[in-house]
Amino acid sequence: MSRKRTGIFFLLVVPVLLVAGTVYAQPVLPQIQIGVAAADDPQEVAVNLQILALLTILSLAPSIIIMTTAFIRVVVVLSFTRSALALQQTPPNQVVIGLALFLTFFIMAPTWQEVNEQALQPYLAGEIGHEEAFSAAAEPVKRFMYRQTRPRDLRLFMQLAEEPRPEELADIPLHVLVPAFVISELKTAFQMGFMLYIPFLVIDMIVASTLMAMGMLMLPPVMISLPFKVMLFVLVDGWNLVVSSIISGFR
């Protein structure tokens, strides 16, 4: 019996080992090599630099979208609205940012449509090159930012950059227009946020005065005023008013 068991063991194990040896002998994973080699043609270096520049632009795409669109004003005003209601986590940050993104897409749709028609589609069709496509794409975006930028902010950065007085929009460089646009958007958003705070501040003052007159000094006024703030915001259809005010500010 022992010999039979030994023979069966060899009959079962030996083929498995042979198959396993054959499998492990074959390369399972592809070989990856990373290195620097000499280029035979200068064109190869240019293509590599273009790919590197494209990857850099893609990595900075979120910042570009935030700093050159209506997203700054929208997200700041929505955050002010939530703070004025004294609702720290309602609506959540995901909802606020998501709503700000979709409102930004809605506001920027005409500008992006113009970029698509003037720059992207001609570039994909091979009618224009890289530099022409970039210039054509930057023109509608610069026009949008210029309409929302205060002259005082633009003048500040033109003086800091020691640029001559521009005669037209094409004379304003992007590295000057973008920061001027950002601080202008922040000021406008803070002005809208201040106006949002006024009615809710009045509610807080009324509740605090009432509680003090009743001698209920240990009761936090926020606990009483919060339901009244929410009720007022719902009765006046607050989200509709806030969103319509934001969108009308860009028209």
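## Basis of the model

Residues are numbered from 1 along each chain as its sequence is written. In this predicted model, local features need pLDDT of at least 70 and side-chain atom pairs count only at pLDDT 80 or more, while totals for chains, interfaces and linings use all residues; side-chain values use heavy atoms, with hydrogens and water left out.

## The chain as a whole

The protein chain has 10 helices and zero strands. Helices (H or I, at least four residues) and strands (E, at least two) are DSSP runs, numbered from the N terminus. Read from the N terminus, the order of elements is α-α-α-α-α-α-α-α-α-α.

The protein chain has 251 residues, of which 26% count as buried. Buried means under 20% relative accessible area, exposed over 50%, and partly exposed in between, with a 1.4 Å probe and protein chains only. Of the contacts (heavy atoms within 4.5 Å) between residues at least 6 apart in sequence, 70% join residues at least 24 apart.

## Helix α8

The 40 residues of α8 should span 58 Å at 1.5 Å a residue, and this agrees with its end C-alpha atoms, which are 58 Å apart. The expected span is 1.5 Å times one less than the number of residues in the helix.

At I198, α8 bends by about 30 degrees, and a proline, P199, follows within four residues. The bend is the angle between axes fitted to the seven residues ending at a residue and the seven starting there. After α8 comes G215, with a positive phi near 80 degrees.

## Packing of α6 and α8

Helix α6 covers residues 130-148 and packs with α8 at an angle of about 35 degrees, the axes being 9 Å apart. Such axes are lines fitted to C-alpha atoms, for helices over the stretch in contact, and the angles run from 0 to 180 degrees between N-to-C directions.

On the α6 side, the residues in contact include F134, A138 and F144; on the α8 side, they include L174, L177 and F181. By class, this contact has nine nonpolar, two polar and two charged residues. Ala, Val, Leu, Ile, Met, Phe, Trp, Tyr, Cys and Pro count as nonpolar, Asp, Glu, Lys and Arg as charged, and the others, Gly among them, as polar.

## Two partly exposed residues

Q191 is found in α8, residues 174-213, and counts as partly exposed because its relative accessibility is 45%. Q191 and V77 are 114 residues apart in sequence, with their C-alpha atoms 9.1 Å apart in space.

I97 lies in helix α5, residues 93-124. With a relative accessible area of 40%, I97 is partly exposed. From I97 to F71 there are 26 residues in sequence and 9.1 Å in space, C-alpha to C-alpha.
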